[in-house]
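Thank you all for making the time this morning. I would like to walk you through one structure, taking a few places in turn, and I will give the cut-offs as the terms come up.

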Amino acid sequence: MKTGKLVVLGSINADHILNLAHFPQPGETVIGKQYQVAFGGKGANQAVAAGRSGADIAFIAGVGEDDIGARIREQLSRDQIDVSAVETVANETTGVALIFVNGDAENMIGINAGANAAITPDVLTRHRQKIIDASALLMQLESPLQTVIAAAQLAHQHQTRVILNPAPACDLPDELLALVDMITPNETEAQRLTGVTVQNEQDAAQAAQLLHNKGITTVLITLGSRGVWLSENGEGQRIPGFRAQAVDTIAAGDTFNGALVTALLENQPMQTAVKFAHAAAAIAVTRAGAQSSVPWRNEIDAFLHSQG
């Protein structure tokens, strides 16, 4: 890896969050509580997690020509993120996510892409130098797939490490997977990519090997409260997470990803970086919302110190 610079390519959403006792069935109306509007989007969440963790980070994304887009851009800047490549898209709204959270802290999410859909390869071309100069590129799948592929190609050509969080789950071409150095699916996403239902460590090892066969060196399959399955060059192990009393898990995976890459860019060993990311995610699930739940570096360090 080159210097410690990180660039994130991804989505920005305004999250509309409603807490429910249980998710509604088709045709059912459920009375909710604690409605809030918060800033989210997988790309922005991961960028914020990296920024608050101490990364030297730039963000390639888009917001709408609206008030909430301007406010999100200002907040991202306060979160230690270079927003010079966060474009305001004319005649478009900022992306929206409608989120239900049930009594077990599980979530159900529907998304309108808005300005996120306008982040085309042409937009990427305007900011290509940020990827060329970076040590790592972190992406998800709420941006147009052709832009994700183009960014991976550019990064690969310039020895910038490509890290893909393949969420939301969808089918991906081998053309993209062959460009990925590290992939971080959850169990559902791993199943979508490999056909393996991940229910235990043996399943996780099988899924990881299939991803290695696609050309991916490092595979981390997140297993919720059980931690992650880490497989490097075919050698796998489960690294357990930390126990936490969950309020909601909306940004847990995004926080994990942003903190993980930050630690790796500091040249921390992989297992140490995973534990750092686990700590960040454990703090995040004890708080409501997406970016509002993401901890700062001093909080993560204090948490790890408290765990011995």
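This is a predicted model: local features need pLDDT of at least 70, side-chain atom pairs count only at pLDDT 80 or more; totals for chains, interfaces and linings use all residues.

Let me start with Ala58, which, leaving aside its neighbours within four places in sequence, is in contact with Leu6, Val7, Val8, Asp82 and Lys130, where contact means heavy atoms within 4.5 Å. Residues are numbered from 1 along each chain as its sequence is written, and side-chain values use heavy atoms, with hydrogens and water left out.

Ala58 has its place in strand β4, residues 56–64; strands here are DSSP runs of E with at least two residues, helices are runs of H or I with at least four, and both are numbered from the N terminus. With a relative accessible area of 9%, Ala58 is buried, a word that stands for under 20% relative accessible area, with exposed for over 50% and partly exposed in between, using a 1.4 Å probe and protein chains only. Ala58 and Val83 are 25 residues apart in sequence, yet their C-alpha atoms are 6.3 Å apart in space.

Now to the sheet, which is open and consists of four strands in the order β3-β2-β7-β8, with mixed pairing; two strands pair if DSSP finds at least two bridges between them. Why do β3 and β8 each have one side left without a neighbour in the sheet? Because β3 (33–40) and β8 (107–112) stand at the edges, each with a single partner strand. The twist averages 20° from one strand to the next, and helix α2, residues 67–78, packs on the sheet, touching β2 and β3, with its direction at about 70° to that of β3; axes are lines fitted to C-alpha atoms, for helices over the stretch in contact, and angles run from 0 to 180 degrees between N-to-C directions.

Within the sheet, strands β2 (residues 13–19) and β7 (residues 95–101) run parallel and are joined by seven bridges, and Leu18 has Phe100 in β7 as its bridge partner. Between β7 and β8, which run antiparallel, there are six bridges, and Ala97 is partnered by Ile111 in β8. These two strands, β7 and β8, form a hairpin with five residues between them, and Ala105 in the turn has a positive phi of about 70°.

Of the 14 residues in α9, 13 are buried. The axes of α9 and helix α10 (residues 270–284) come within 8 Å and cross at roughly 145°. Among the residues that meet there are Phe256 and Leu260 in α9, and Val274 and Phe276 in α10.

One last point for anyone checking backbone geometry is that the peptide bond from Ala167 to Pro168 is cis, with omega near 0°, and that Pro168 lies in the loop between β10 (161–164) and α6 (174–177).
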